[in-house]
Amino acid sequence: MPRGGKKKKGRNRNNTKRRDLRPTNNDGQPTKNSVKGSTAKAPFNHNGATDGITPNFDAFQQSGKALPNSYRTVYSRYKAATKRVFEYMQANSPEKNHIPREQIFVSSLVTTADWMVESRIPVDPDILKDLKFAIRVRSKVARSVYGGGDSGHKYLLDVLIYCWKNLDSLPRAEKDIIREGKEELDTNGEGRSRNRFEALKVTGEEDEGEDDDMDKEIFPSDDVPRPTLDAEAVPLQGLLDERFDCFMFLVALDDLMRCVVEKHRIVPGYADYIVEEGMCGSAIAPCLMGAAIATNMAIHQVRRLEIEFELHNPHISTPYRLLSTIMLPKRVKEVVQITREHGQNVCSVKDANLFFGDCLECSFRSPADPENRGSVIVSDFCSRFGVDGKGSEDIDKILFELQWLVKGEVPLRSELAIMEKTNITSHGWIAMSYIGGDRAIHHTIRLMQWFGSFAKETEKGKHFNVVPGFFGSSPWQPGRSHKIHTDLDELLMAEILPKLIYLCRDGVLSDKCTDLPRQNAIAPLWSCLRRFARSPEKPVRWSTAFAVHAILTSILETDKITAQVAVVCEKTFNSYFEQLDMACEYKKGVDGVFDSTHFQSHLRVVQYLKELGHPFYEPRARWNPLCAGTNFLYLTYFGNITVGTALIDDRSQLKIVLHLYHALIVNDILKSGDIPLLDWLLDGFENSRTFWGGPLPRKGKFVEQFWLGMRGSFRVAEKVMADVSRLDDTQLSNKNHLEMIEMLCRNEASVTTRLDPAEFSTSFRRICNRDYHDVVDKYHSKKMKQEGSGQDGYAFAVQLNDTSQAFVKEHGLFAFNLPALGVHLDEFVCGMSRFFKWDQLFKGTSLHDQNPRLQHPERIAEAYVFAHDILGALDQAKDPSELGRIKDFVTLFMCPFFEKLSNHARGFIWFQIAGWDIP
């Protein structure tokens, strides 16, 4: 159990609007108006992949849409900024009345900048900001590609820096007279709402004095030489070419993969810390969940980037076309020249680039793949453009060379020996730290494309029989991997992909089962794998490749402890469900708790999640660091928090216990820290206004807010308070309760209330609702904020930091197995009823007759008497000496009960966190 009590801290409220879930009846089933049809499926069992019946998840499907991420990605912001610079420079060009806009070239920017300096024309300060942003983006891409960028990009960057240096020396125009009537433009030329992360800018960042914080390498303080005007006129549109978009996309992927790498590099060190501190192995769970949060947020971000990239460049719809755009511009020009000399129809650069992208796809596919068009792709292209026999032979030769180039760049094991005899250097296309070189993501794409063909030919319900040793040494041994390509090929193709795709085709994540609620928000990793499993023959998408590459990255970063992590994670995961089984057995048939169909239906939902760890799947497929962390995440945020809060307070036991504990602390009968278990629960639920009937109640409001928290009417709360005010100083039990209790059973709906986790868990709100409206940047310097504000990478970092910080603060709540703990809290309430002899008060009464729909009328009665006698006394007491019986209850029953419960914490704490001792 936790050592000591919770730390004192301010009780800031979460003013988020409560999101109602779909209504359910008293049996815990969705009402007819809330669900169209049923998602419950028939029993299934595909070769041991799954067991049992899929429960009904309709009551837990997210209501309403997740809040959108309204900030713009780097593509739209870069293009909007660059476009504004173009329009501004064109408007101030001395040639604007003599040269049509479509004939203004990049060199015109230099001429315009010189003319503005000579004429001392005041410059719009916002244009300088746009220009600086464009330079930063281009510089970042240039540093990430070819060690500084090719000659074309270097020329464009030199022109932009020269323009900025000259314009920065000019006086600033008045802000109230510039841009009158102008709207901010996005890439479509339409006005957009302001970026929500503009609130994160540091006050004063628009001041002239920001020069001191600039990167001197990008924005030199010395004079910049005038660029030599390019002999080949480059139109202004050249600054917005699709090739640069491709570079930007890969740079964004590299940045996101860096986040995955850094989060998983923490795991081995934390594992050593666990051993040094003598903690349980389960303490690795929150570390893996933290890494999984970052990785799944990154996967979601890649999906957004992928969608926006395709909106801007719809023809570059596959990774192969993007790689062709970047890597094969000379080959593209060769094909264009061949079609001019030997063809009848005009072939544009775009047409040739798409052709080469599709040729790359053929080279990445297995020769036996039915989707491989390698045998006909050249003839189809030549027929389309009327290329004669000589031209067709030349293009065929280029394709043959391309196939060898691919084998040299991303070789499989069977091709390594042949490639070693050539001078081709492998994995050099993407010169980036985290998705290139030894971590080449396009190598993973080739392996996935090969496996896709194999998966398509394998019937659903059948196992994938991969020949051991074809892709690497078999069996794969941990502790020997130094790079992702080659070293992890056999592991990916023989163990991970076969089992994960089987899980998505025939297991708990398959279409045969109902969709798990909130899986797209909590586990985008699963969504990407499911999409690949549905159509494995299609070209691999970037987001899917990123997800699988992230799995391999997590293994590479934890290679030496991968086997130990798998064993510990499986044990920790299973312990959660063992605790559920123990709790159910412990209270089975006692006090009618398990007669509740509401409890049973919710319990089945949680127990079904055990399928995620079904022993059919290879441990390294189920329990590699990323998949293990994602399993823990889903179990935590959906199973333990979303469903678990409905179980821990199924009969208002949590509400009664915490309202009592809080009132005892306010009355100085107990102090914070006396019962650590309740301190952590109080700390976890203190921000839920639904739970407390408003803010945390003060003395005089205990009764009112408890009953409002019970979803009771304000009229009843007023009546209870009026009755309490007439109590004698010594009177703690009223024999005239029955009339009031019978009325409550007739009119009040239920003791069961469903809490909205978004009210008390910030990390839940961030992850499940994607609500980031109130994030605060606490980690970036002023310079970093200035350079990153408004960019998708910066916004992602702010969101991740805030979410991770919230997750760490909420460890104490997540470590509890809430459904199992709810059983013990219910036992406490029943014991309190016996201590005060409330059970004798209701003995012989027929409360069920008042409302046949009500499953727990005795708990309604107990809640009323508790509010009247206990909270009422605590509300009214002027001196603790007046509360003799309550103090006796605390001393004789409450403290011993929770001390004994804490000594059996392994029954309801499923992973350990730092600072806790678990007996």
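Glu-495 is buried in this predicted model. The relative accessible area of Glu-495 is 12%, and the cut-off for burial is under 20%. Glu-495 pairs with Arg-620 in a salt bridge. The closest N and O atoms of the two side chains lie 3.0 Å apart. Glu-495 belongs to helix α14, residues 489-506. Arg-620 belongs to helix α20, residues 619-622.

A second salt bridge joins Glu-401 and Arg-331, with a closest N to O distance of 2.6 Å. Glu-401 sits in helix α11, residues 389-409, and Arg-331 in helix α8, residues 329-342, so the pair ties together parts that are 70 residues apart in sequence. Glu-401 is partly exposed, at 31% relative accessible area. Arg-331 is also partly exposed, at 26%.

Helix α11 also holds the residues Lys-390 and Asp-394. Their side chains form a salt bridge at 3.0 Å, N to O. The two residues are 4 positions apart in helix α11, which means that about one helical turn separates them. Lys-390 is partly exposed, with a relative accessible area of 44%. Asp-394 is partly exposed at 24%.

Salt bridges also occur as a network. Arg-765, Arg-766, Asp-771, Asp-774 and Asp-802 are linked in this way. Side chains of opposite charge can pair when their charged atoms come close. Overall, the count of salt bridges in the model comes to 26.

Technical notes: Residues numbered from 1 in each chain as written. Predicted model: local features only at pLDDT ≥ 70, side-chain atom pairs only at ≥ 80, totals over all residues. Heavy atoms only, no water. Salt bridge = Lys/Arg side-chain N within 4 Å of Asp/Glu carboxyl O. Buried < 20%, exposed > 50% of the residue type's maximum accessible area, 1.4 Å probe, protein only.
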